[in-house]
Amino acid sequence: MAERAEPTELTRMTATGIAGLVAAGEVSAVEVARAHLDRIAATDQRVHAFLQVDTEGATAAAAAVDAARAAGAPLSPLAGVPVAVKDVFATRGLPTTCGSKILEGWRPPYDATTVARLRAAGLVVLGKTNMDEFAMGSSTEYSAYGPTRNPWDLARIPGGSGGGSSASLAAFQAPLAIGSDTGGSIRQPGAVTGTVGVKPTYGGTSRYGLVAFSSSLDTPGPCARTVADAAALHAVIAGHDPGDSTSIPQPVPDVVAAAARGATGDLAGVRLGLVRELAGEGAEPGVMAAFREAVDALTKLGAEVVEVSCPHFGYALPAYYLIAPSECSSNLARFDGVRYGLRTGDDGTRALEEVMSLTREAGFGPEVKRRIMLGTYALSSGYYDAYYGQAQKVRTLIARDFTAAFAQADALISPTTPFVAFRFGERTADPYQMYLADLYTIPANLAGTPAISVPCGLSGGMPVGLQVMAPAMADDRMYRVAAALESVLPAPAPPQL
Amino acid sequence: MSHQTDRPPAAGISRAEVAHLARLARLAVTEAELDTFAGQLDVILQAVARVGEVAAGDIPPTSHAVPLTNVLREDEPIQCLPRDEALAGAPDTVEGRFRVPRILSDEEDPG
């Protein structure tokens, strides 16, 4: 038996709590960074949340915060707080693999906007977290570097694709993490690890430097152990970026104030829509039981819960698995063994096209290959209208369903996932079984609307998440509801590792 | 691969079609992979073909959730990536450029 690793007081704290101590000079940012680096060293052999730990960079960043404080410079609200970053974001000089062999050892020459904003706000980047290859998967089992294990039960998946980020929170290795959500890759790992995961409004956070999987869906977002911490991180990374042409040139909703308001536990006057199509079908009884208890709690806080219908949500999963692979087949064409990453078979006798095919065959894992071929099929002449074109029309109908539902309710609620964390190997034989993990999270991606997953109890000892969905650029609404639920239903503490 | 237009997407996918897709996608898949992928893609395609059940004839397609068009930034010169840094991650370079394998195969090479 491995020795139990007790998290220290510092690693148990919230991000805002840590920032307060650092600002008051009661603890140095370097001490905070060291506590988390020690925790990673003590636990990550078992969890495998990190692909890369940047001890040197984290220590230097923390020392810079301490120096700024000593010099009397004003500190940002999260200065000195450690953060783990999903390995799909470009980090200058720090290896960025996207969980793929094709990018093994690649060191980006620039920072993603999200990462640049973290650094500018004095957050301390601990390292890069594990993920399904190119963010395609729901379990981290498709990482080329081996899966991450769920701190709640090391025999189970931590969700995906951003399983490393969420597991690092549940393992108290980091108080904050960054993820990217294309079909649920922040929310589903949040739900199954008992942590908070947020997909902001599409265009509310910048995609610059986020390695593209499905450009019309990919959304960077915050991961945390509390709603208030997620809101504080949201405020750091959100906002218009000229480097992303799909970035929305509008002010960011005040999510920090909304979370604080929600934490008072008052939801009087708030109308919540329970989405009929996202409750019941394919869901485990234990998940539905925890969800219903949370709905009762929301009602007791003063919210009015009404049932709404989104008749096309039943087609969201099929539409997504045409749109996302189509965009992926185009985006991943850039991995051709010329400008970065792997090159295989270039022995001087082979022509470019053959080297390219051998490189991609050697560098991509099975799920990425499946999606590239699926997308190639959906976009091919003769099939385009029936597959990709039809999926885009269904996307319009799903967005209209949201509009109609938001005319009846301020925010919508559902379970985040149909089932709790499953065991390794349970869903890899039939790839479509894996896709079902995203059944409830995908509609928000297709419509570009924001959604949050907040813990809502346990089923069979494993965490369950409740999803709150809001209209585009009304991210504050979902933070208020999630914080209110958290105030009466605190996230259960994960077992000791 | 057959190329009839607007064929209802209910038919399965053959091993030969998967081989064709792999060529289009520049993936040198193995024979064993062809067997596995053909079966798996068949299952996935049958599941996603359900989009065809939706009556959406006159519905406009959505390619993007954010209705922004012609987004341009100010025409101001900014620092660009230095050449050496841009080349630093490349598998092979020559004289400050990316080196690529030859473009033409033996049959195509005019000599």
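**Exercise 1. Find how many salt bridges join chain A and chain B, and describe one of them.**

Solution. Between chain A and chain B the count is four salt bridges, a salt bridge being a side-chain nitrogen of Lys or Arg within 4 Å of a carboxyl oxygen of Asp or Glu. A:R92 forms a salt bridge with B:E85, and the closest N and O atoms of this pair are 3.1 Å apart.

This is a predicted model, in which local features need pLDDT of at least 70 and side-chain atom pairs count only at pLDDT 80 or more, while totals for chains, interfaces and linings use all residues. Residues are numbered from 1 along each chain as its sequence is written, chains are lettered from A and ligands numbered from 1 in the order in which they are written, and side-chain values use heavy atoms, with hydrogens and water left out.

**Exercise 2. Describe the area buried between chain A and chain B, and the residues in the contact.**

Solution. The size of an interface is often given as the accessible area lost when the parts come together. Here the buried area (the accessible area, with a 1.4 Å probe, that two parts lose on being put together, summed over both) is about 5600 Å², and carbon and sulfur atoms give 66% of it. Next, turning to residues, the contact (heavy atoms within 4.5 Å) takes 71 residues from chain A and 61 residues from chain B.

**Exercise 3. Work out whether B:I103 is buried or exposed, and where in chain B this residue is found.**

Solution. Begin with the position: B:I103 is found in the segment after β2 (97–98) of chain B, where strands (E, at least two residues) and helices (H or I, at least four) are DSSP runs numbered from the N terminus. B:I103 counts as exposed because its relative accessibility is 57%, and the cut-offs are under 20% relative accessible area for buried, over 50% for exposed, and partly exposed in between (1.4 Å probe, protein chains only).

**Exercise 4. Describe the surroundings of A:R156.**

Solution. A:R156 lies in the loop between β3 (124–129) and α6 (163–170) of chain A. Since its relative accessibility is 12%, A:R156 counts as buried. If residues up to four places away in sequence are not counted, A:R156 touches A:R149, A:N150, A:A421, A:F422, A:R423, A:F424 and A:M462. Finally, a polar atom of the side chain of A:R156 lies 2.8 Å from the backbone oxygen of A:A421.

Note on methods. Polar contact = N/O pair within 3.5 Å; in protein donor to acceptor, adjacent residues only side chain to side chain.
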